[in-house]
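Hi everyone, thanks for making time for this. I'd like to walk you through one fold, so please have a look at the screen.

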Amino acid sequence: MVDYVGIADIQHLVNQIGPGEFMARLAAQIEADYRRWGQFEKSARLASHSEVGVIELMPISDGDLYSFKYVNGHPKNTSLGLLTVTAFGVLAEVSTGYPVLLSELTVTTALRTAAMSALAAKWMARPDSKTMALIGNGAQSEFQAIAFHRMLGINELRLYDVDPRATAKLAQNLRAMPELRGISLVHATSAAEAALGADIITTVTADKRNAVIVTPSMVAPGMHLNAVGGDCPGKTELHADILRRPDARVIVEYEPQSRIEGEIQQMPADFSVIEFADVVNGVQRGRGSDGEITVFDSVGFALEDYSALKFLHDLTRERPEFCRQIDLVPDLEDPKDLFGGTLGSSKRGRMRRVA
């Protein structure tokens, strides 16, 4: 039998642990895996693009465990009553090829994206940062708010979305959370107003286009920019002149993928960037000075999903009541007789648990 974590299981796990604590622990797993960067077989994700969205596969392996994520991004889905992003993933043993975990990754991707954003900001933002502009108040925004409050102590959020209903939804959800009691929520009337006086700007917009959400005039010395929404070819959020600033330090997850999908797709091939693994391993600095502009050009990388799946698998070992098991792999008396062991007999094949 193979362990299975569904939406209800994730809900129970996160509610028992607490969203902030869950993301902090997940961030620690991600950081530990980035420290093992050289052990991973890496590749940019395999993407199938259409006019309405993208479907992607994201594989990675460290030689012991292999994982992949299936994920889509369809910005117009919400007009149909559907989610913009859905995902699921598999964790498997390299030694046998057998899957050990099949999991939903729609909610978990939102959790790991925010955990990664806050983790990068811990290395890149000024340590005294307290105010964050949150531009784009859709499905990812609550997770970003919780993670930055829990992991960096952000206590003022300046909210803006082109759709005021999204901002109202975000504010209502945040005010209902006991762990965010006391946090200040400021409703801005424009992206520029939200950015004014912020230590950190987080952009999580969904439109699949080369947008200019943050302009050079909105950026002040010492700011940290967490650019999350630009995550596929032809989709950006930052004006290119921000990246060109001589005082800007741009950090990416996996450079070959970010060149295709990130904010740096706007830049020439020789534009200098730093990989996050070099920061956590002490090869490069996350921030050079208090007055420097830091940019985390986040597109989401397969290592983070590997970390999330491994984290979930470890959690379900500790808390087996929060997962189920499914008969995904047959266990045959004669492994050379697939037909006779499954279709050629009226008896149902025995299923085994894969540890």
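Let me start with a convention: angles under 35 degrees count as roughly parallel, over 145 as roughly antiparallel, 65 to 115 as roughly perpendicular, and the rest as oblique. Axes are lines fitted to C-alpha atoms, for helices over the stretch in contact, and angles run from 0 to 180 degrees between N-to-C directions. Helices (H or I, at least four residues) and strands (E, at least two) are DSSP runs, numbered from the N terminus.

Some housekeeping. This is a predicted model, where local features need pLDDT of at least 70 and side-chain atom pairs count only at pLDDT 80 or more, while totals for chains, interfaces and linings use all residues. Residues are numbered from 1 along each chain as its sequence is written, and side-chain values use heavy atoms, with hydrogens and water left out.

Now, the helices. The axes of helix H2 (residues 19-34) and H3 come within 8 Å and cross at roughly 65 degrees. H2 and H3 are therefore roughly perpendicular to each other. The crossing of H2 past H3 is right-handed; a crossing gets that name if the near helix is turned clockwise from the far one by less than a right angle, and left-handed if anticlockwise.

Who touches whom there? On the H2 side we have Phe 22, Met 23, Leu 26, Ala 27, Ile 30, Glu 31 and Tyr 34, and they meet Leu 111, Arg 112, Ala 114, Ala 115, Met 116, Leu 119 and Trp 123 in H3. Contact here means heavy atoms within 4.5 Å. By class, this contact has 12 nonpolar, no polar and 2 charged residues. For the classes, Ala, Val, Leu, Ile, Met, Phe, Trp, Tyr, Cys and Pro count as nonpolar, Asp, Glu, Lys and Arg as charged, and the others, Gly among them, as polar.

H3 has a contact with H1 as well. The axes of helix H1 (residues 7-17) and H3 come within 9 Å and cross at roughly 40 degrees, which makes H1 oblique to H3. Ile 7, Ile 10 and Val 14 of H1 make the contact with Val 107, Thr 108 and Leu 111 of H3. Those residues divide into 5 nonpolar, 1 polar and no charged.

On to the sheets. 7 strands form an open sheet in the order E2-E3-E4-E5-E6-E1-E17, with mixed pairing. Strand E2 (46-49) and E17 stand at the edges with a single partner strand each, so one side of each is left without a neighbour in the sheet. Two strands pair, by the way, if DSSP finds at least two bridges between them. Neighbouring strands in this sheet are turned by 20 degrees against each other on average, direction ignored.

Inside that sheet, strand E4 (residues 65-73) and strand E5 (residues 87-93) run antiparallel and are joined by 7 bridges. Tyr 70 stands opposite Phe 88 in E5. H3 packs on this sheet, touching strand E3 (54-61), E4, E5 and E6, at about 85 degrees to the direction of E6.

The other sheet is open too, with 8 strands in the order E9-E8-E7-E10-E12-E16-E14-E15 and parallel pairing. Its edge strands are strand E9 (184-187) and strand E15 (274-275), each pairing on one side only. H3 packs here as well, touching strand E12 (224-227), E14 and strand E16 (293-297), with its direction at about 155 degrees to that of E16. Helix H4 (residues 141-152) also packs on the sheet, touching strand E7 (131-135), strand E8 (156-160), strand E10 (200-203) and E12.

Let's zoom in on E12. E10 and E12 pair in the parallel sense over 4 bridges, and Ile 201 stands opposite Leu 225 in E12. E12 is also joined to E16 by 4 bridges, again parallel, and the bridge partner of His 224 in E16 is Thr 294.

Which way do the E12 residues point? His 224 and Asn 226 point one way, Leu 225 and Ala 227 the other, and all are buried, where buried means under 20% relative accessible area, exposed over 50%, and partly exposed in between (1.4 Å probe, protein chains only). In a regular strand, the side chains alternate between the two faces of the sheet.

One last pair of residues. Ser 258, in helix H8 (residues 255-261), is buried, with a relative accessible area of 0%. Gln 325, in strand E17 (residues 324-326), is partly exposed at 35%.
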